[in-house]
Amino acid sequence: MTLPRRRFLAISAAFAAMPAGAAQAHSWEGFAFGAQVSLRMQGPKAQALTALNEARVLIAKLEELFSLYNPNSTLSVLNRTGTLTAPDALFMDLIRAADTAFTQSGGLFDPTVQALWSAVSHGQDTTPAIAAMGWEKVQVVADRITLGPAQTLTLNGIAQGYATDLIADMLITHGFTDTLVNIGEFRGTGGPFTLGLSDPLHGVMGQRTLSGGAIATSSPAATMLGEQGHILHPSARAKWSTVSVEAARATVADSLSTAMVLAPRSQVQAIKERADITRVTLVDFAGNLTTL
């Protein structure tokens, strides 16, 4: 299947050995945020079933908040009306995380790109969409969000990572210490988990081992809008075929992998240091791999 706006990693997971009967491996796969998602954990069956049910409920709630595919989601309502009063606390939390990513990336991560994305995907004039863009035009005061004129937001470059973190944190509170969460991005505890780093133009480029923390990958060519990749910006163009970011939180890795696609190497290095990222893997359009 084609995964909208993102390029996901193939995965093989190796759970730590445990005494027979002490715990079992449990998994769940579903569909959320326009893509296949999965949870894997090691633990007692009854405890795992409780956690998996809670995870499904939480994923459904997050889709009701952030999905562009649901016309009744909180994000869709904000885009339609331009104003949102007293939104859910999780929605406000993600808006604050988006603001941090905008600052850390020097403006390369900008959720107001949705109008531009829509114009390009429909072959329309992009001039009005570009004029409307600018995260600095979005007003967040107390419990009220107001968009600038003609603005619409997408949180697709950060919401999957945010959902991944929420689910991973929930599993930890249930006492699970050997888990892998894939809600568009990966976050693991325990493990180790082997992730295959794949580029849409050049295929499998290597592997990464995840024993804790998160990894997120962005590739412009994962979804094409006509003759160009789906990661857009009014004043920057894709510098890399794939960017993979490893960090403690999937929210950070998700948003900044998107931004780094548009950044030259020197700026990638500056963002990495600013955001306390563990490792960045860059694949250029010729297929050369660089690790920072």
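1. Lys61, Leu62, Leu65 and Phe66 of helix H1 touch Leu90, Phe91 and Leu94 of helix H3, where contact means heavy atoms within 4.5 Å. Helices here are DSSP runs (H or I, at least four residues) and strands are E runs of at least two, numbered from the N terminus. By class, this contact has six nonpolar residues, no polar ones and one charged; Ala, Val, Leu, Ile, Met, Phe, Trp, Tyr, Cys and Pro count as nonpolar, Asp, Glu, Lys and Arg as charged, and the others, Gly among them, as polar.

2. Before you go further: this is a predicted model, with local features needing pLDDT of at least 70 and side-chain atom pairs counting only at pLDDT 80 or more, while totals for chains, interfaces and linings use all residues. Numbering starts from 1 along each chain as its sequence is written, and side-chain values use heavy atoms, leaving out hydrogens and water.

3. On geometry, the axes of H1 (residues 45–66) and H3 (residues 89–104) come within 10 Å and cross at roughly 65°. Axes are lines fitted to C-alpha atoms, for helices over the stretch in contact, with angles from 0 to 180 degrees between N-to-C directions. The crossing is right-handed, i.e. the near helix is turned clockwise from the far one by less than a right angle.

4. How many aromatic pairs does a search of the whole structure find? Two, taking rings of Phe, Tyr and Trp (its six-membered ring) with centres within 6.5 Å; planes under 30 degrees apart are stacked, over 60 edge-to-face, the rest tilted. Phe66 and Phe91 have ring centres 5.7 Å apart and planes at 25°, so they are stacked. Since Phe66 sits in H1 and Phe91 in H3, this pair ties together parts 25 residues apart in sequence.

5. Phe66 and Tyr162 have ring centres 6.0 Å apart and planes at 80°, so this pair is edge-to-face. It links distant parts of the chain, with Phe66 in H1 and Tyr162 in helix H6 (residues 159–173), 96 residues apart.

6. Phe66 and Phe91 are both buried, meaning under 20% relative accessible area with a 1.4 Å probe, protein chains only. Phe66 counts as buried at 1% relative accessibility, and Tyr162 does at 5%.

7. Have a look at helix H2 (residues 74–81) too: its buried residues are Thr74, Leu75, Ser76, Leu78 and Asn79. They pack against H1, strand S4 (83–85), H3 and strand S6 (144–146). Just after H2, Gly82 takes a positive phi of about 85°.

Terms used. Buried < 20%, exposed > 50% of the residue type's maximum accessible area, 1.4 Å probe, protein only.
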